[in-house]
Amino acid sequence: MAQLSAVRNAPDTLTKWQQANATLVQATVQVIPQVGFSQDIQGLQAYTEAFATHMRDEQPETRKALEQINEQKWSVLLKHAFDCEPAPPIGLTEARTLAIALVDGLQDATLLRQVEEMKSGLASRMGEQEQHAMVARALIGVQQEVLEQHGYKGEQGFAQANVCLMQHAADAVVSASVAHATNTLYARAGINLAEVMQRATAG
């Protein structure tokens, strides 16, 4: 809890969201051996996949119990890191509408031009980590603009909206479409996001 509360002092939304999720991942890795998964990135991936499978395939009672665990986890993160409560749950149709709006925002011509320019000029001389952070900040800036149009205001709204969308992560329109648009945006800047993430988890 202390780690999450310390996240409140992060200088911007990107840093706060990244630090909050990193703390959540660390906590999950610490406890998954209790349910038979290894205490490493492979164990975390296997646990995440198993959780998603049970959410899709189990009996309604089991699925409801898993949903409650998930809701409690995100409620703790929002309360301690962003000083807010979860937003009211949204249905699949609304989640898809929000996801499509985010994809449209990530395809904005000004944003695409901005990240493409990173392959030349001063930005091209930056290290990979600095370039990655620049794209991430541009991406979150656009996402916040889109989310505010749908009633999610400021950094608290950004976090609340992302938690709402995660409740529908098993839906391809919600998860895969946003992931594809994000990967495409990084690719425009000459960054292979999948390789970056692999190296980060391997390290």
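This is a predicted model: local features need pLDDT of at least 70, side-chain atom pairs count only at pLDDT 80 or more; totals for chains, interfaces and linings use all residues.
**Count.** I looked up the salt bridges, and the count comes to 5. I followed up some of them below.

**Arg137 and Asp12.** I checked this pair and found their side chains in a salt bridge, 3.2 Å from N to O. Arg137 sits in helix H7, residues 128-149, while Asp12 is in the loop between helix H1 (2-7) and helix H2 (13-31), so the contact ties together parts 125 residues apart in sequence.

**Lys16 and Glu155.** Next I went to Lys16, which makes a salt bridge with Glu155; their closest N and O atoms are 2.6 Å apart. Lys16 belongs to helix H2 and Glu155 to helix H8 (residues 154-166), so this pair links distant parts of the chain, 139 residues apart. Is Lys16 buried or exposed? I noted it as buried, with a relative accessible area of 5%; the cut-off for buried is under 20%.

**Asp171 and Arg96.** Last, I looked at Asp171, whose side chain meets that of Arg96 in a salt bridge at 2.6 Å, N to O. Asp171 lies in the loop between H8 and helix H9 (172-188) and Arg96 in helix H5 (residues 92-106), so parts 75 residues apart in sequence are tied together here.

Notes. Residues are numbered from 1 along each chain as its sequence is written. Side-chain values use heavy atoms; hydrogens and water are left out. A salt bridge is a side-chain nitrogen of Lys or Arg within 4 Å of a carboxyl oxygen of Asp or Glu. Helices (H or I, at least four residues) and strands (E, at least two) are DSSP runs, numbered from the N terminus. Buried means under 20% relative accessible area, exposed over 50%, partly exposed in between (1.4 Å probe, protein chains only).
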